[in-house]
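Please open the structure in your viewer and keep the selection panel at hand.

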Amino acid sequence: MIKAGVVGWPIEQSKSPIIHNYWLKKYSINGSYEKISCEPKDFSNCIKKLIELDYAGVNITVPFKEKALEISNTVTDCAHKIGAANTLIFKDGKILADNTDAIGFISNLRTQAPEWSADKGTALILGAGGASRSVIFSLLNEDTPKIILTNRTRERAENLAVKFGKKITVIDWSDISLYLSDVKTIVNTTSLGMLGHSELKLDTINLNSETLVTDIVYNPLRTVLLEDAYKKGCTTVDGLGMLLYQAVPGFKKWFGIEPKVTKALRTEVLLAL
Ligand code: ATR
(Lines give C-alpha, C1' and ligand atoms only; values in the text may rest on other atoms or scores of the structure.)
Protein backbone atom coordinates (compact mmCIF):
# COMPACT_ATOMS: atom_id res chain seq x y z
CA MET A 1 0.00 0.00 0.00
CA ILE A 2 1.26 3.48 -0.89
CA LYS A 3 1.12 5.89 2.04
CA ALA A 4 0.91 9.69 2.02
CA GLY A 5 -0.64 12.41 4.19
CA VAL A 6 -0.59 16.01 5.30
CA VAL A 7 1.55 17.29 8.17
CA GLY A 8 0.58 20.39 10.13
CA TRP A 9 -0.21 21.87 13.56
CA PRO A 10 -3.11 22.09 14.06
CA ILE A 11 -4.18 19.72 11.28
CA GLU A 12 -7.89 19.25 11.91
CA GLN A 13 -8.95 21.95 9.44
CA SER A 14 -7.09 20.45 6.47
CA LYS A 15 -9.25 19.58 3.47
CA SER A 16 -6.46 17.68 1.68
CA PRO A 17 -7.55 14.22 2.93
CA ILE A 18 -10.97 14.74 1.34
CA ILE A 19 -9.37 15.49 -2.03
CA HIS A 20 -6.79 12.68 -2.01
CA ASN A 21 -9.13 10.06 -0.58
CA TYR A 22 -11.70 10.98 -3.22
CA TRP A 23 -9.12 10.28 -5.94
CA LEU A 24 -7.79 7.12 -4.27
CA LYS A 25 -11.30 5.72 -4.34
CA LYS A 26 -12.10 6.97 -7.82
CA TYR A 27 -8.97 5.44 -9.37
CA SER A 28 -9.15 2.27 -7.18
CA ILE A 29 -5.63 2.80 -5.85
CA ASN A 30 -4.31 0.76 -2.95
CA GLY A 31 -3.18 3.78 -0.98
CA SER A 32 -3.86 5.91 2.10
CA TYR A 33 -3.77 9.63 2.84
CA GLU A 34 -4.17 10.83 6.40
CA LYS A 35 -3.87 13.85 8.66
CA ILE A 36 -0.60 13.81 10.59
CA SER A 37 -0.50 16.08 13.60
CA CYS A 38 3.01 17.17 14.59
CA GLU A 39 4.13 19.49 17.37
CA PRO A 40 6.34 22.28 16.02
CA LYS A 41 9.42 21.13 17.95
CA ASP A 42 9.14 17.61 16.49
CA PHE A 43 8.88 18.46 12.80
CA SER A 44 12.14 17.03 11.47
CA ASN A 45 11.80 13.88 13.60
CA CYS A 46 8.26 13.42 12.39
CA ILE A 47 9.41 13.55 8.75
CA LYS A 48 12.27 11.12 9.50
CA LYS A 49 9.80 8.71 11.03
CA LEU A 50 7.50 8.90 8.01
CA ILE A 51 10.45 8.08 5.73
CA GLU A 52 11.28 5.06 7.93
CA LEU A 53 7.64 4.00 7.70
CA ASP A 54 8.04 4.01 3.92
CA TYR A 55 5.73 6.92 3.15
CA ALA A 56 5.83 8.09 -0.50
CA GLY A 57 5.65 11.70 0.67
CA VAL A 58 3.45 14.29 2.36
CA ASN A 59 1.81 17.64 1.94
CA ILE A 60 3.02 20.29 4.33
CA THR A 61 0.80 22.94 5.83
CA VAL A 62 0.97 25.67 8.48
CA PRO A 63 3.35 26.22 10.28
CA PHE A 64 5.93 24.02 8.54
CA LYS A 65 6.07 25.28 4.94
CA GLU A 66 9.36 27.17 5.42
CA LYS A 67 10.93 24.62 7.74
CA ALA A 68 10.21 21.90 5.16
CA LEU A 69 12.66 23.55 2.77
CA GLU A 70 15.46 23.49 5.33
CA ILE A 71 15.24 19.77 5.98
CA SER A 72 15.03 18.74 2.31
CA ASN A 73 17.89 17.37 0.20
CA THR A 74 16.64 18.86 -3.07
CA VAL A 75 14.37 21.85 -3.65
CA THR A 76 12.59 22.69 -6.92
CA ASP A 77 13.23 26.16 -8.39
CA CYS A 78 9.65 27.08 -7.71
CA ALA A 79 9.77 26.14 -4.00
CA HIS A 80 13.12 27.86 -3.65
CA LYS A 81 11.87 31.11 -5.16
CA ILE A 82 8.62 31.06 -3.18
CA GLY A 83 10.59 30.22 -0.04
CA ALA A 84 8.17 27.52 1.09
CA ALA A 85 7.24 23.92 0.29
CA ASN A 86 3.79 22.34 0.41
CA THR A 87 4.69 18.96 -1.12
CA LEU A 88 7.49 16.56 -0.13
CA ILE A 89 8.45 13.48 -2.10
CA PHE A 90 10.49 10.79 -0.36
CA LYS A 91 12.82 8.67 -2.47
CA ASP A 92 15.69 6.43 -1.35
CA GLY A 93 15.66 8.07 2.08
CA LYS A 94 15.99 11.55 0.55
CA ILE A 95 13.53 14.44 0.51
CA LEU A 96 12.54 16.48 -2.55
CA ALA A 97 10.63 19.68 -1.72
CA ASP A 98 8.21 21.25 -4.17
CA ASN A 99 5.63 24.02 -4.09
CA THR A 100 2.46 23.35 -6.08
CA ASP A 101 0.47 26.43 -5.01
CA ALA A 102 1.68 28.44 -8.01
CA ILE A 103 0.63 25.78 -10.52
CA GLY A 104 -2.63 25.35 -8.58
CA PHE A 105 -3.34 29.06 -8.84
CA ILE A 106 -2.75 29.27 -12.58
CA SER A 107 -4.49 25.97 -13.44
CA ASN A 108 -7.59 27.22 -11.66
CA LEU A 109 -7.64 30.45 -13.67
CA ARG A 110 -6.99 28.65 -16.94
CA THR A 111 -9.96 26.36 -16.43
CA GLN A 112 -12.39 28.83 -14.87
CA ALA A 113 -11.54 31.72 -17.20
CA PRO A 114 -10.10 30.26 -20.42
CA GLU A 115 -10.31 33.58 -22.27
CA TRP A 116 -8.08 35.28 -19.66
CA SER A 117 -4.34 35.30 -19.95
CA ALA A 118 -1.79 36.78 -17.58
CA ASP A 119 0.31 38.51 -20.21
CA LYS A 120 -2.51 40.82 -21.32
CA GLY A 121 -1.89 43.49 -18.71
CA THR A 122 -1.02 44.63 -15.21
CA ALA A 123 -1.99 42.56 -12.18
CA LEU A 124 -2.88 43.98 -8.78
CA ILE A 125 -2.08 41.69 -5.86
CA LEU A 126 -3.46 42.36 -2.40
CA GLY A 127 -1.38 40.91 0.42
CA ALA A 128 2.27 40.01 0.96
CA GLY A 129 2.19 36.79 2.98
CA GLY A 130 3.00 33.22 1.94
CA ALA A 131 0.11 32.93 -0.49
CA SER A 132 1.15 36.16 -2.17
CA ARG A 133 4.62 34.75 -2.94
CA SER A 134 3.06 31.81 -4.80
CA VAL A 135 0.75 34.09 -6.77
CA ILE A 136 3.58 36.49 -7.68
CA PHE A 137 5.76 33.58 -8.82
CA SER A 138 2.92 32.19 -10.87
CA LEU A 139 2.01 35.47 -12.59
CA LEU A 140 5.64 36.34 -13.40
CA ASN A 141 6.08 32.85 -14.80
CA GLU A 142 3.12 33.57 -17.09
CA ASP A 143 4.74 36.75 -18.40
CA THR A 144 2.59 39.29 -16.57
CA PRO A 145 4.17 42.56 -17.70
CA LYS A 146 3.71 44.43 -14.41
CA ILE A 147 2.53 43.65 -10.89
CA ILE A 148 1.20 46.25 -8.49
CA LEU A 149 1.58 44.93 -4.97
CA THR A 150 -0.05 46.28 -1.85
CA ASN A 151 -0.19 45.18 1.74
CA ARG A 152 -1.53 46.61 4.98
CA THR A 153 2.05 46.47 6.29
CA ARG A 154 3.84 48.12 3.38
CA GLU A 155 7.28 46.87 4.39
CA ARG A 156 6.35 43.24 3.71
CA ALA A 157 5.34 44.19 0.15
CA GLU A 158 8.59 46.07 -0.31
CA ASN A 159 10.56 43.01 0.78
CA LEU A 160 8.76 40.94 -1.86
CA ALA A 161 9.46 43.58 -4.51
CA VAL A 162 13.18 43.28 -3.74
CA LYS A 163 12.94 39.49 -3.93
CA PHE A 164 10.93 39.27 -7.16
CA GLY A 165 12.44 42.18 -9.09
CA LYS A 166 11.66 45.15 -11.25
CA LYS A 167 8.22 44.14 -12.48
CA ILE A 168 6.81 44.71 -8.98
CA THR A 169 5.63 48.17 -7.94
CA VAL A 170 4.50 48.71 -4.36
CA ILE A 171 1.61 51.04 -3.55
CA ASP A 172 -0.05 52.04 -0.28
CA TRP A 173 -2.97 49.93 0.93
CA SER A 174 -5.06 53.11 1.17
CA ASP A 175 -4.48 53.86 -2.55
CA ILE A 176 -5.92 50.64 -4.01
CA SER A 177 -8.99 52.26 -5.54
CA LEU A 178 -6.81 54.65 -7.59
CA TYR A 179 -5.33 51.70 -9.53
CA LEU A 180 -8.41 49.59 -10.18
CA SER A 181 -9.24 51.05 -13.60
CA ASP A 182 -5.95 50.07 -15.24
CA VAL A 183 -5.47 46.46 -14.18
CA LYS A 184 -6.38 43.29 -16.06
CA THR A 185 -6.18 41.01 -13.03
CA ILE A 186 -6.90 41.46 -9.32
CA VAL A 187 -5.95 38.79 -6.77
CA ASN A 188 -6.79 38.83 -3.08
CA THR A 189 -4.16 36.81 -1.20
CA THR A 190 -5.03 38.21 2.23
CA SER A 191 -7.20 36.50 4.80
CA LEU A 192 -9.78 39.28 4.49
CA GLY A 193 -13.17 37.91 3.48
CA MET A 194 -12.52 34.51 5.04
CA LEU A 195 -15.12 33.16 7.44
CA GLY A 196 -14.42 34.72 10.84
CA HIS A 197 -12.29 37.57 9.41
CA SER A 198 -13.21 41.11 8.36
CA GLU A 199 -14.58 41.66 4.86
CA LEU A 200 -12.50 42.96 1.98
CA LYS A 201 -14.57 45.89 0.83
CA LEU A 202 -13.02 47.76 -2.10
CA ASP A 203 -14.31 50.99 -3.54
CA THR A 204 -15.15 49.48 -6.93
CA ILE A 205 -16.25 52.68 -8.62
CA ASN A 206 -13.19 52.61 -10.91
CA LEU A 207 -13.30 48.88 -11.56
CA ASN A 208 -13.99 48.01 -15.19
CA SER A 209 -15.68 44.92 -16.56
CA GLU A 210 -12.58 43.78 -18.50
CA THR A 211 -10.80 42.92 -15.25
CA LEU A 212 -10.61 39.38 -13.93
CA VAL A 213 -11.01 39.25 -10.15
CA THR A 214 -9.98 36.21 -8.14
CA ASP A 215 -9.76 35.39 -4.47
CA ILE A 216 -7.67 32.73 -2.80
CA VAL A 217 -10.29 32.63 -0.04
CA TYR A 218 -12.72 29.74 -0.63
CA ASN A 219 -14.78 29.80 2.53
CA PRO A 220 -17.16 31.42 1.79
CA LEU A 221 -16.94 30.51 -1.89
CA ARG A 222 -18.44 33.80 -3.03
CA THR A 223 -16.63 36.48 -1.07
CA VAL A 224 -17.82 40.08 -0.88
CA LEU A 225 -14.92 40.99 -3.19
CA LEU A 226 -16.10 38.52 -5.86
CA GLU A 227 -19.73 39.59 -5.50
CA ASP A 228 -18.86 43.30 -5.80
CA ALA A 229 -16.72 42.60 -8.89
CA TYR A 230 -19.44 40.42 -10.41
CA LYS A 231 -21.91 43.29 -10.03
CA LYS A 232 -19.50 45.46 -12.06
CA GLY A 233 -19.51 42.89 -14.87
CA CYS A 234 -16.10 41.38 -14.14
CA THR A 235 -15.18 37.74 -14.65
CA THR A 236 -14.74 36.30 -11.16
CA VAL A 237 -12.98 33.10 -10.06
CA ASP A 238 -13.29 31.65 -6.56
CA GLY A 239 -10.40 30.14 -4.63
CA LEU A 240 -11.61 26.56 -4.26
CA GLY A 241 -10.08 25.50 -7.58
CA MET A 242 -6.61 26.53 -6.42
CA LEU A 243 -6.95 24.20 -3.43
CA LEU A 244 -8.01 21.34 -5.72
CA TYR A 245 -5.40 21.89 -8.45
CA GLN A 246 -2.48 22.29 -6.03
CA ALA A 247 -3.15 18.70 -4.95
CA VAL A 248 -2.69 17.24 -8.45
CA PRO A 249 1.16 17.11 -8.72
CA GLY A 250 1.63 15.46 -5.29
CA PHE A 251 -1.00 12.81 -5.98
CA LYS A 252 0.62 12.06 -9.35
CA LYS A 253 4.11 11.70 -7.84
CA TRP A 254 3.04 9.52 -4.92
CA PHE A 255 0.32 7.36 -6.48
CA GLY A 256 1.36 7.36 -10.15
CA ILE A 257 -1.84 8.66 -11.76
CA GLU A 258 -2.59 12.21 -12.81
CA PRO A 259 -5.99 12.86 -11.21
CA LYS A 260 -8.71 15.02 -12.72
CA VAL A 261 -10.28 17.99 -10.97
CA THR A 262 -14.01 17.57 -11.58
CA LYS A 263 -17.30 19.15 -10.53
CA ALA A 264 -18.00 16.10 -8.37
CA LEU A 265 -14.75 16.64 -6.44
CA ARG A 266 -15.59 20.32 -5.99
CA THR A 267 -18.99 19.38 -4.59
CA GLU A 268 -17.41 16.85 -2.22
CA VAL A 269 -15.03 19.47 -0.80
CA LEU A 270 -17.72 22.15 -0.67
CA LEU A 271 -19.90 19.88 1.44
CA ALA A 272 -17.08 19.64 3.98
CA LEU A 273 -16.54 23.40 4.36
P1 ATR B 1 -0.63 33.51 4.21
O2 ATR B 1 0.58 32.67 4.32
O3 ATR B 1 -1.92 32.73 4.16
O4 ATR B 1 -0.56 34.52 3.11
P5 ATR B 1 0.07 35.46 6.24
O6 ATR B 1 1.50 35.32 5.90
O7 ATR B 1 -0.33 35.51 7.67
O8 ATR B 1 -0.75 34.25 5.63
O9 ATR B 1 -0.53 36.71 5.45
C10 ATR B 1 -1.81 37.18 5.67
C11 ATR B 1 -2.05 38.38 4.74
O12 ATR B 1 -3.34 38.93 5.04
C13 ATR B 1 -1.05 39.50 4.94
O14 ATR B 1 -0.86 40.15 3.72
C15 ATR B 1 -1.77 40.39 5.95
O16 ATR B 1 -1.33 41.73 5.98
P17 ATR B 1 -0.16 42.17 7.01
O18 ATR B 1 1.13 41.71 6.39
O19 ATR B 1 -0.26 43.64 7.11
O20 ATR B 1 -0.46 41.46 8.32
C21 ATR B 1 -3.17 40.32 5.40
N22 ATR B 1 -4.18 40.72 6.38
C23 ATR B 1 -4.62 40.02 7.45
N24 ATR B 1 -5.56 40.72 8.12
C25 ATR B 1 -5.70 41.92 7.46
C26 ATR B 1 -6.52 43.08 7.64
N27 ATR B 1 -7.38 43.17 8.66
N28 ATR B 1 -6.39 44.10 6.76
C29 ATR B 1 -5.53 44.03 5.72
N30 ATR B 1 -4.72 42.96 5.48
C31 ATR B 1 -4.81 41.92 6.34
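A crossing of two helices is called left-handed if the near helix is turned anticlockwise from the far one by less than a right angle, and right-handed if clockwise. Helices (H or I, at least four residues) and strands (E, at least two) are DSSP runs, numbered from the N terminus. The model is predicted, so that local features need pLDDT of at least 70 and side-chain atom pairs count only at pLDDT 80 or more, whereas totals for chains, interfaces and linings use all residues. Residues are numbered from 1 along each chain as its sequence is written, and side-chain values use heavy atoms, with hydrogens and water left out.

**First stop: α1 and α11**

Select residues 16-26, which form helix α1, together with residues 248-255, which form helix α11. Their axes (lines fitted to C-alpha atoms, for helices over the stretch in contact, with angles from 0 to 180 degrees between N-to-C directions) lie 11 Å apart, and the packing angle is about 45 degrees. That makes α1 oblique to α11; angles under 35 degrees count as roughly parallel, over 145 as roughly antiparallel, 65 to 115 as roughly perpendicular and the rest as oblique. The crossing of α1 and α11 is right-handed. Now display the side chains of H20, W23 and L24 on α1 and of V248, F251, W254 and F255 on α11, which make the contact (heavy atoms within 4.5 Å). Six of the contact residues of α1 with α11 are nonpolar, one is polar and none is charged. In this classification Ala, Val, Leu, Ile, Met, Phe, Trp, Tyr, Cys and Pro count as nonpolar, Asp, Glu, Lys and Arg as charged, and the others, Gly among them, as polar.

**Second stop: α1 and α12**

On α1 the contact involves I18, I19, Y22 and W23; on α12 it involves A264, L265, E268 and V269. The contact of α1 with α12 comprises seven nonpolar residues, one charged residue and no polar ones.

Move to helix α5 (residues 101-112) and helix α6 (residues 130-141), whose axes are 8 Å apart at an angle of about 60 degrees. α5 passes α6 in a right-handed crossing. Show D101, A102, F105 and I106 of α5 with S134, V135, F137, S138 and L139 of α6, the residues that make the contact. By class, the contact of α5 with α6 has six nonpolar, two polar and one charged residues.

Which residues are closest to the ligand? Of the 13 residues that surround the ligand, the closest are A128, N151, R152, T153 and R156; a residue is included if one of its heavy atoms lies within 4 Å.

- A backbone N or O atom of A128 is 3.1 Å from an oxygen atom of the ligand.
- A polar backbone atom of G130 lies 3.1 Å from an oxygen atom of the ligand.
- A polar side-chain atom of R152 is 2.8 Å from an oxygen atom of the ligand.

**Last stop: backbone details in loops**

Select P10 in the loop between β1 (2-8) and α1; the peptide bond from W9 to P10 is cis, with omega near 0 degrees. Next, select P220 in the loop between β11 (212-215) and α9 (224-231). The peptide bond from N219 to P220 is cis, with omega near 10 degrees. Finally, select S28 in the loop between α1 and β2 (31-37): S28 is not a glycine, yet has a positive phi of about 50 degrees.

Terms used:
Polar contact = N/O pair within 3.5 Å; in protein donor to acceptor, adjacent residues only side chain to side chain.
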